[in-house]
Amino acid sequence: MNYALVLAGGQGQRMGITNVPKQFIEVKSKPILLFTLETIERNKNIDCACIVSPVEWHPQIQEWIDEHDYKKIRVLVPSGIDRQGSVHNGLRYLSDMNSNTSKDDNVMIMTAVCPFVAQDTIDLHFEKIKEFDGCITVVKAVDAITYSNDGLVVNRTLQKHKMFVQQGPQTFKLMQLLKAHDEYINSPYQSEINEDSELILNMGSTVTMIEGDRFCLKVTYPEDIAIVEALAPLFIEKEHLVRRR
């Protein structure tokens with residue numbers, strides 16, 4: 001079974017003052033979240049999906065699901081206090097909802113604020129997860145990256161030819177990722193964890209990189225809305241051309 005877990009719990013503080021969280025802002029007359037749900041519905045490899053979001057938004061999300069007749073969205077899960085908590089909640093629900101969950105079940109972690117994920121990228125994830133413990137999407141860094149411990153003084157500059165910028169989605173073995181999150185939560189030596197791939201790597205597992213594309217923009221700042229508006233027709237055209245091949 002291939003699951004998709006959609007993270008829609010963030011408040012989007014870097015977006016500034018908005019009437020709704022950024023994942024529900026409308027682009028091209030529809031909430032950004034719906035771009036991700038449509039991507040899931042179209043993909044041949046995804047069997048079932050759940051959305052992790054604030055409970056107060058569940059009725060509205062369910063209304064959208066019913067209105068657009070999304071068949072694969074089976075569960076709405078309460079979000080956690082942070083990203084790690086939200087992923088953990090989703091993994092637990094996915095594990096509990098299927099009594100036949102096996103070590104071969106996969107879960108793709110998607111974010112509600114990356115509206116343009118290519119079908120080819122998703123397909124390649126589910127192909128590569130047969131060989132590796134995890135897959136992450138990346139693009140090559142186009143600039144050198146500077147590392148600083150305090151945000152003021154440069155500790156190291158990392159050259160771009162060995163650097164990659166991580167995008168979504170990410171794919172892992174469901175039960176292995178749930179175990180990694182459980183161990184992290186129960187550990188007395190918790191450090192800040194921002195990505196699921198780090199938890200998997202800490203278990204000594206192997207994670208491969210899949211090259212994404214520049215369309216996969218994560219909506220974070222107000223100006224990103226204008227960029228997404230401009231990219232939408234170009235992305236749709238690209239996906240249509242790919243499907244015709």
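The model is predicted: local features need pLDDT of at least 70, side-chain atom pairs count only at pLDDT 80 or more, and totals for chains, interfaces and linings use all residues. Residues are numbered from 1 along each chain as its sequence is written, and side-chain values use heavy atoms, with hydrogens and water left out.

Student: What is the strand order of the open sheet of seven strands?
Tutor: Strands (E, at least two residues) and helices (H or I, at least four) are DSSP runs, numbered from the N terminus. Two strands pair if DSSP finds at least two bridges between them. The pairing in this open sheet is mixed, and the order is β5-β4-β1-β6-β10-β7-β11.

Student: Which are the edge strands?
Tutor: An edge strand in this sheet pairs on one side only. The two that do so are β5 (73-78) and β11.

Student: What does the twist average from one strand to the next?
Tutor: Axes are lines fitted to C-alpha atoms, for helices over the stretch in contact, and angles run from 0 to 180 degrees between N-to-C directions. From one strand to the next, the average twist is 25 degrees.

Student: How many bridges join strand β7 to β10?
Tutor: Strand β10 also pairs with β6 (residues 106-111), in the antiparallel sense over four bridges; there, Val107 stands opposite Phe172. Strands β7 and β10 run antiparallel, and the number of bridges joining them is seven.

Student: Why is strand β10 described as largely enclosed by the rest of the structure?
Tutor: Buried means under 20% relative accessible area, exposed over 50%, and partly exposed in between (1.4 Å probe, protein chains only). Strand β10 covers residues 164-173, and it is largely enclosed because the buried residues number seven of the 10.

Student: Which residues of α1 are buried?
Tutor: Helix α1 (residues 32-42) lies across β1 (2-7), β4 (48-53), β5 and β6, running at about 175 degrees to β1. Eight of its 11 residues are buried, so α1 is largely enclosed by the rest of the structure. The buried residues are Ile32, Leu33, Leu34, Phe35, Thr36, Leu37, Thr39 and Ile40.

Student: How far apart in sequence are the parts that the pair Arg83 and Glu195 ties together?
Tutor: A salt bridge is a side-chain nitrogen of Lys or Arg within 4 Å of a carboxyl oxygen of Asp or Glu, and the structure holds nine of them. The side chains of Arg83 and Glu195 meet in one, at 4.0 Å from N to O. Arg83 lies in helix α3 (residues 83-97) and Glu195 in the loop between α5 (174-186) and α6 (196-202), so the parts tied together are separated by 112 residues.

Student: Which residues are linked with Arg83 in a network of salt bridges?
Tutor: Arg83 is partly exposed at 30% relative accessibility, and Glu195 is partly exposed at 28%. The network joins Arg83 with Glu195 and Asp196.

Student: Is Lys130, which meets Glu127 in a salt bridge, buried or exposed?
Tutor: The side chains of Glu127 and Lys130 meet at 3.5 Å, N to O. Glu127 counts as partly exposed at 42% relative accessibility. With 62% relative accessibility, Lys130 counts as exposed.

Student: Where does Asp213, the partner of Lys238, lie?
Tutor: The salt bridge between Lys238 and Asp213 spans 3.9 Å, N to O. Lys238 lies in helix α7 (residues 222-244), and Asp213 lies in the loop between β11 (207-211) and α7.

How values were computed: Contact means heavy atoms within 4.5 Å.
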